[in-house]
Amino acid sequence: MRDVRLDNLTELATASFEGLTDARRRELVTRLVQVLHAYAKDVRLTHAEWRGAIAFLHRMAAISSEERSEFTLLSDVVGLSSLVDLLGSSPGATPGSVLGPFHTVGSPWLPNPADLVRDNGGEVVRLRGRVCGTDGAPLPEATLDLWQNAANGLYWQVDPTQPRDNLRCQLRVEAQGAFEIRTIRPVPYQIPTDGPVWQDLVEPAGRTAWRPAHYHLIVSAPGHRTLVTELFDADDPWLERDAVFGVREALVGRYENGPDGPVMQLEFRLAPA
Ligand code: BEZ
Ligand code: FE
């Protein structure tokens, strides 16, 4: 490497990772190096711009913690999280969507039909659905993990006025793959605006911080690919401008008026593993 030049640097840097023994890791790293080099050449990246980018990463690190990852937020607002979800979605199956920062493992198991309303204010609604395979056959062993925000727009982890595990549960579907959840209608809310991702990148672009109201779900069944997804409200004003690109047509449902109030009917289709 006595003579590192513009015309051999990419090859040298790429080759320096050939020793990675895990083939997939080697592919991920070497392709990343190639793409980064191509990007820098394409935009003729200057030293001042490179320093600015490093400083931005430092500001992101400074505000990140166990509970709050500015790096995930960056991935969300540039559409990388959604890209990974879409790449992982199978034809014929319900598409995946953003996991978001508010999932915690071990939500309480509730009987099906489940009731999450308790002391929550807001509009009481029902989700009524079924889980099936891409062939439409019900998956009676499926389980659901659901979480959502409260009427004030907040998830329980960031709102000391809510009890632990408010508005979240796990449940098992019935023999025909059916489930029902009585809950309150989620409301739109904003991605964090106190960090560099919003302040230096998203707001200057004239974008919105809002996410349309949604439920988060993880749907699992033996022998099938686990689905991490969201469910949106057709009447939401922010559907067209989700700050993190999570909306897919197949994930937009409408509340219909039933005898017990608004009901959204839905179906989740899981791909074989
Ligand atoms: C959420 O869905 O809760 C969320 C997703 C991305 C960024 C911030 C919040
Ligand atoms: Fe969310």
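Biologist: Let's start with Arg44. Is Arg44 buried or exposed?
Modeller: Arg44 counts as exposed because its relative accessible area is 64%, and the cut-off for exposed is over 50%. Keep in mind that this is a predicted model.

Biologist: Where is Arg44?
Modeller: Look in the loop between H2 and H3. Its backbone is worth a glance too: Arg44 has a positive phi of about 50°, although it is not a glycine.

Biologist: And Asp165, what is its phi?
Modeller: Asp165 also isn't a glycine, and its phi is positive, about 65°. You'll find Asp165 in the loop between strand S3 (143-148) and strand S4 (168-172).

Biologist: Is Asp165 buried or exposed?
Modeller: Asp165 is buried: its relative accessible area is 15%, and buried means under 20%.

Biologist: OK, new topic. How big is the largest pocket?
Modeller: Its volume is about 800 Å³. There are 22 residues lining the largest pocket, and those closest to its centre are Leu36, Tyr39, Ala40, Leu45 and Ala53.

Biologist: Which element gives the largest share of that lining?
Modeller: That's H3, with six residues. By class, the lining of the largest pocket has 15 nonpolar, three polar and four charged residues.

Biologist: What about H4, which of its residues are buried?
Modeller: In H4, Glu70, Leu73, Ser75, Asp76 and Val77 are buried. Their cover includes H3, H5 and H6. After H4 comes Gly79, with a positive phi near 85°.

Biologist: Where does Asp85 sit, and which residues does it touch?
Modeller: Asp85 is in helix H5 (residues 80-87). Leaving aside residues up to four places away in sequence, Asp85 touches Gly96, Ser97, Val98 and Arg248.

Biologist: Why does Asp85 have no salt bridge?
Modeller: Asp85 is buried, and the nearest side chain of opposite charge, Arg248, is 4.4 Å away.

Biologist: Which peptide bond is cis?
Modeller: The one from Asn112 to Pro113 is cis, with omega near 5°. Pro113 is in the loop between H5 and strand S1 (114-115).

Biologist: Last one: is Leu270 buried or exposed?
Modeller: Leu270 is buried, with a relative accessible area of 1%. Leu270 lies in strand S12 (residues 261-270), and among the residues it touches are Ala93, Val131, Leu139 and His224. The C-alpha atoms of Leu270 and Thr134 are separated by 5.9 Å, though the two residues are 136 residues apart along the chain.

Notes
Residues are numbered from 1 along each chain as its sequence is written. Chains are lettered from A and ligands numbered from 1 in the order in which they are written. This is a predicted model: local features need pLDDT of at least 70, side-chain atom pairs count only at pLDDT 80 or more; totals for chains, interfaces and linings use all residues. Side-chain values use heavy atoms; hydrogens and water are left out. Helices (H or I, at least four residues) and strands (E, at least two) are DSSP runs, numbered from the N terminus. Buried means under 20% relative accessible area, exposed over 50%, partly exposed in between (1.4 Å probe, protein chains only). Lys and Arg count as positive and Asp and Glu as negative; His and the chain ends are not counted. A salt bridge is a side-chain nitrogen of Lys or Arg within 4 Å of a carboxyl oxygen of Asp or Glu. Contact means heavy atoms within 4.5 Å. On a 1 Å grid over the protein atoms alone, a cavity is a set of points where a 1.4 Å probe fits but cannot get out, and a pocket is an open set with protein on both sides within 12 Å along at least five of seven lines; lining residues have an atom within 4 Å of a point. Grid points are joined across faces, edges and corners, and a volume is the space filled by probe spheres set on the points. Ala, Val, Leu, Ile, Met, Phe, Trp, Tyr, Cys and Pro count as nonpolar, Asp, Glu, Lys and Arg as charged, and the others, Gly among them, as polar.
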